[in-house]
Amino acid sequence: MSPAIGGTLNRVDGRFKVRGESRYSAEVPVTNLAHAVIVNAKIASGRITAIDTSEAERAEGVLAVLTHRNLGRVATVPRLLPSLAGLAAPGQTFFPMQDDTIHYGGQPVAVVVADTIERADHAGTLIRIEYETTPATTLLDQARDRAYVPERIFGGLLPGHASRGDVTKALAEAEVCVDATYRFAPNHHNPIEPSASTAVWEDVDRLTVYDSTQGPNAVQFTLAELLGLPPISIRVVSHAVGGSFGSKAMVWHHPAVAALAARHVGRPVRLVLSREQMFTSCGHREEQEQQITLGARADGRITALRHHKLSLTSPFDDWAEPSLQSPSVAYTSPNYEGVYHLVRGNTITPTFTRAPGEATGMFALECAMDELAERIGIDPLELRLRNYSATDPESGKPWSSSGLTECYQRAAELFGWHDRDPRPRSRQDGQWLIGTGMASALYPVTQPVNPQRARARLYNDGTAVVEAGVSEFGTGVFTAMTQVAADALGIPVERVRFVGGSSDLPNVTAAVGSAGTSAVGSAVHLAASQLRDELIRRAVADDHSPLRDADPANVEVRDGKMVLRDRPDVGETYADLMHRTFAPDVEVLGTWNPPPQDAGYGVHTFGAQMAEVAVDADLGVVRVRRMVGVFAPGRVLNRKTAHSQLMGGMLWGLGQALLEATRMDPRLGRWANASLGDYLVPVNADAPDVVVDTVEVHDEVVNPLGMKGVGEIGVVGAAAAIANAVYHATGRRQYELPITLEKLL
Amino acid sequence: MRPISYSRVADVGTAIGTVSADPESAFLAGGTTQVDLMRIYVEQPRRLVDINDLPLTRVEELPDGGLRLGGLARMSDVAEEPAVVRRYPMVAEALLMGASPQLRNMATVAGNLMQRVRCSYFRDVAAGCNKRAPGTGCSALDGINRGHAVLGTSECCIATHPSDVAVALVALDAVVQTEGPAGRRSIPIDDFFLLPGQTPEREHPLTHGELVTGIDLPPLPVAATSRYVKIRDRESYEFALAAVAVAMSVAGGRITEIRLALGGVATKPWRARAAERVLDGAPADTDSFTRAAEAELASAVPHGMNAFKIELTRRTMVRALAEMAQREGTA
């Protein structure tokens, strides 16, 4: 029996998905269901002075119209803490419809409950609201002079500023300097399934919420605090989730609004956000600007890195996506300064968006590196190699594993990098200018804080159920967990069923920070391994077992049969042992205690990205012709789903580079392109030939199986490789994303 | 969506009778734009009359050698019709460059002509928009207007006409066939699309209850050497930033026949008559193409973010004409 881990098992939920049988949170059958629709503020700053709901209340089918005047109060608004922490994780420290103040455009101001969603939606348009409008800040340019340096960002997890050495002195003494400022349009996640919550009160203190989320337990804990109920009162179920990309990583207002509305009308309530509401209800990647100053010796060795970021946050929270973290350790640099500057504006608190921070921070660094390579006159890849750091430049500790130089080498081979003529505008194909570019990819290995648990139960027919509270939002985690459990138990994947998606199951953290599979995978691995060991222990202690008195260390399991390692003809199956001993099942709870973040090693995931672009010499149109991404993500559980994740990430990078931008109209304080027709993401026709490969690294530090995650590293560096390729093609540096054609006319 | 009533009719007379009798009613064909606009309360009919069963889905030969596209012919069907592909390639190309395969399978050619603008302020009922709510002002003039028009604009409206195929049809002098309470009409396509002027809410000359039954393509040998060039941010499912429909004949290095129209840059599908005048009889060279493009764009008016469109259109016109001439020259 060949191991399942590292294979290409098809998605265990694939059949249900393609047949339309998966139950998403807005599809769970519930009797006596009512539908809620949220009404959003059309101004960005001010106060509600009058609100007339009478016509809406009279509309056909309407059960209730709730506003700040009659919606239930929340008990507490928990502090913002990333859901990786495993606790309550509200997306912002603000809950709407508690008073008459409007802080941002799209803020919920009313919720209509009716017998159908159409009637609720229509009644919402009959509510008359009068506002007193005050000046709003919705763009960085409106309030640069009000920037401040926060003490901490990211829910308090990261410092607002950091330094090592003397960056000012080092820059003054540098033989070569590159100084550049990069601007980034806001981005939205746009999963294909909008967020949805179905709230069912079974009793006054028993609530079930079917929710579209990356972390059922995070929703449970957040709802408990908001509603003032103990966690035992709340069950959160997430059968299938149609993508997230960070929009469902934190817990936003809608599940609690659904619960409050359901309590008000005494019926189960379903609340589905519209596509337009997805632009104002679950955070976004904030508008930002980053300034990079690189100092180097004439041979390219970096002596100083100064990296400042200015971004827009909400009135409530000091949020910035952590753009400075990975760049600060990408290369050896004895002198470093990183500072976040924030401007408070009239926006919802921004949030995690796939590769949160790395996507922008590494773009800035890797574009500056390209400029430095040109300034010094060496190959961009050679510049990276000269600055490769074998230890974490921040702590001086060794990497738990790296593989970066191997990634560079493999990517260069696959791409054909070494034939490159470094001169800009040196290649042409008809009307198209051809260029190539590269970038490094780094993403931190973030560890959950709390113990991660999974339960494994073997039945006496030799089949097993493995459970943990993780949700499947398209990453393939249920499939990978089936493989992990099968290998640990020594049985084929067909005999394993993984069950997840409920807060009643053993607690794991929200699947965020590319850590979902490693967190739950470690727990599943331990649970299944301990279950196997328990069966072996019983066999060697059983007088009737062929394995009686054997050394457990000398017993292995092959295809469900426990055998002596050196005499595989001696042994018995799990089923034989369990039948003989009258055991209907055997169950084990596995607990993985993650190592502390500072365990004597630098922990990061590495990769290399290369891209070839064609730029229409007259029309400025940029088309990406091919991309190569090579990554060292540690143990790969499923090559097929991991490959898909990495490729999807790279195409996200393509979108970031060329297309994705949410446009704010500062006069209205609202997004002007809040639809999938107007917010452009790449379509299949834009997707080039994408080559994805992985470099094996063995990592015994991060977790029992040595997994470092594949969910986000694919995004990092892809946009920089494309921008650098655009420069190589055209001789024009790009300092603003997305690179739309008018910038190249 | 506001509550509606819905009925499905099987013949043209009943369709026209039902809609013309009720000022708050509308025809429903493919629905690919209309239903979206109803969901966001931009269009609020109380009654929808589904005309998908009407016998208007075919592409037919006309006695004069032209071709009639049934009003309800699906975009995807017309794009694959051999007679269209062979005799009017720019029409097939424009259709295939519009929308997405799924939308093209639903959307009709008449509906395509009738589609509403993509201006985000038109689609936002809380914003000022003279087209949606006359007299409320044009938010796009100083707003997010990268996709907006530079030709045919007024101080009341700068929204771009979004259709691709209409650009090809305007170049070909197609004729729109209608039937309404007052009988049948034939409307030259250039008169079918109205400039916004002071009345941007009026987009076409149809009366309420008047139905586009077909679109006639005239017999035009030059149309067999035609193409549609579309420049856009992404490769599919995206509206044009600039588009050119061109049909050209060249003999002895000179242009003997030219038909030219622009899309993505004007408030209506834009017949480039000034450019045609420059090109007619001129040498088929870059100099002529540049002069023609500049003549056409002399009246272009930029608004903030869309200023680049003038230069983009100039270059796209030169590109399209040069490639067409090259193809003609080597044919």
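How many of the 745 residues of chain A count as buried? I looked this up and got 61%, where buried takes 20 or more other C-beta atoms, placed from the backbone, within 10 Å of a residue's own.

A note on what I am reading: this is a predicted model, where local features need pLDDT of at least 70 and side-chain atom pairs count only at pLDDT 80 or more, while totals for chains, interfaces and linings use all residues. Residues are numbered from 1 along each chain as its sequence is written, and chains are lettered from A and ligands numbered from 1 in the order in which they are written.

Next I checked the elements of chain A and found 15 helices and 32 strands (DSSP runs: H or I of at least four residues, E of at least two, numbered from the N terminus).

Then I turned to an open sheet of four strands in chain A, ordered S22-S21-S20-S26 with mixed pairing (a pair needs at least two DSSP bridges). Strands S22 (496-499) and S26 (585-592) of chain A are at the edges with a single partner strand each, so one side of each has no neighbour in the sheet. I saw that S21 (residues 464-467) of chain A pairs with S22(A) in the parallel sense over four bridges, with A:Val466 opposite A:Phe498.

Helix H11 (residues 477-489) of chain A packs on this sheet, touching S20 (452-459), S21 and S22 of chain A (contact: C-beta atoms, placed from the backbone, within 7 Å).

Last, I looked at where chain A meets chain B: 24 residues come from chain A and 22 residues from chain B. Helix H3 (residues 117-124) of chain A gives the most to the chain A side, with three residues.

Technical notes. Buried ≥ 20, exposed ≤ 12 C-beta atoms within 10 Å, placed from the backbone. Contact = placed C-beta atoms within 7 Å. Axes fitted to C-alpha atoms, helices over the stretch in contact; angles between N-to-C directions.
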